[in-house]
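Subject: Structure handover and notes

Dear colleague,

I am passing on the structure we talked about, together with some notes. Please look through the model first and then read on.

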Amino acid sequence: MTDRRQTILRAALPLFVTKGYSSTTIMDIRKASGATTGSIYHFFEGKPGIAVALWESANDDWQKRTTCQIGGGTPKEMVQASVKGLAEWALADRALFLFYEDMRIRALTTPELKAISDTLREGFDRGRSIYKTWVEAGAVRDMPWPLASALMLGPTYDYLRKCGDRREHRAVVRSLAELAWQAIKP
C-alpha cells in the first residue's frame, strides 16, 4: 500500500467517527490528509471507496486476531476464539471498531457500500455452514443460525459499544467467551 493511500485512510477514519459517514466530505478528507482531490480519486472511488477500504482492512485484522487464537479448532475453541479475537481487535482501536460497526449497519441499506454487505453475507453463510456441521456432529445445540450467531457474538458487540474508556477488559472478555460457548453447547 502506498504512503499516500495510507495517509488518506488514516485521515478519513477520525472524520468518519467524529462527523459520521454521511457528513464527511471528500473536501474534509482532502484537507485532513493533505492529498489532492485527484490523488484521492486515483486511489479510491470516492468516499464509499475509502469507507470500504477502511472496513475491509479492519475486517481482515479482526479475522487475523481470531485465527491466531483458534488452537485445536474444536467448536468450543472456535467460538471462544471468535469472541476473544473480536474483543481484542476492537479494544486495540476503539475508533476503528466504532467505524466498523457503523459501516456494518449502514451497509444493509446503502447501495454504495455493497462490497461490505457482500462480505458480511459471505461470512454469515460460512458461519452457517460451519454451525450446521457442528449441529450434525452433536457438538452444539440445534437452533437457527441467526439465533446462534446472535447468542455467540451479540453480547460481545454490545459490551464493546458500551465499554467506552473502561481500562480492564480481560476478565470480561473471558466471561463473554465462556458465555458464548454456554449459549450453544449441547
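Predicted model: local features only at pLDDT ≥ 70, side-chain atom pairs only at ≥ 80, totals over all residues.

Residues are numbered from 1 along each chain as its sequence is written, and side-chain values use heavy atoms, with hydrogens and water left out.

**Overall picture**

The protein has nine helices and zero strands, where helices (H or I, at least four residues) and strands (E, at least two) are DSSP runs numbered from the N terminus. The pattern along the sequence is accordingly α-α-α-α-α-α-α-α-α, and the C-alpha trace spans about 55 × 35 × 25 Å along its principal axes. Of the 186 residues, 42% count as buried; here buried means under 20% relative accessible area, exposed over 50%, and partly exposed in between, with a 1.4 Å probe and protein chains only. The protein exposes about 10000 Å², of which carbon and sulfur atoms supply 54%, the areas coming from the Shrake-Rupley method with a 1.4 Å probe and, for residues, with only the protein chains shown counting as cover.

If one takes the contacts (heavy atoms within 4.5 Å) between residues at least 6 apart in sequence, 65% of them join residues at least 24 apart. As for charge, there are 27 positive and 21 negative side chains, and the centres of the two sets lie 4 Å apart. Lys and Arg count as positive and Asp and Glu as negative, while His and the chain ends are not counted; the place of a charge is taken as NZ of Lys, CZ of Arg, CG of Asp or CD of Glu.

**Aromatic rings**

The structure holds 13 aromatic pairs. Rings of Phe, Tyr and Trp (its six-membered ring) pair if their centres lie within 6.5 Å, and planes under 30 degrees apart count as stacked, over 60 as edge-to-face and the rest as tilted. One of these pairs is formed by Trp55 and Tyr100, which are stacked at 4.9 Å centre to centre with 10 degrees between the planes. Trp55 belongs to helix H4 (residues 46-69) and Tyr100 to helix H6 (residues 94-106), so the pair ties together parts that are 45 residues apart in sequence. Both partners are buried, Trp55 at 0% relative accessibility and Tyr100 at 1%.

Trp62 and Tyr157 make an edge-to-face pair, with 6.3 Å centre to centre and 80 degrees between the planes. This pair links distant parts of the chain, since Trp62 is in helix H4 and Tyr157 in helix H8 (residues 145-162), 95 residues apart. Trp62 counts as buried at 8% relative accessibility, and Tyr157 is buried with a relative accessible area of 8%.

Elsewhere, Lys47 lies over the face of Tyr21, at 4.6 Å from the ring centre.

**Single residues**

Helix H8 also contains Thr156, which counts as buried at 1% relative accessibility and touches Val83, Leu86, Ala87 and Leu176, residues up to four places away in sequence not being counted. Tyr159 lies in helix H8 as well and is buried at 16% relative accessibility; its C-alpha atom is separated by 9.3 Å from that of Val173, 14 residues apart along the chain.

Thr110 is found in the loop between H6 and helix H7 (114-136) and is buried, with a relative accessible area of 18%. Thr110 and Pro48 are 62 residues apart in sequence and 9.8 Å apart in space, C-alpha to C-alpha.

Arg30, in helix H2 (residues 26-33), counts as partly exposed at 26% relative accessibility. Arg30 touches Ala35, Thr36, Thr37 and Ile40, again not counting residues up to four places away in sequence, whereas Arg30 and Leu151 are 121 residues apart in sequence and 41 Å apart in space, C-alpha to C-alpha.

Notes
Lys NZ or Arg CZ within 6 Å of the ring centre and 35° of its normal.
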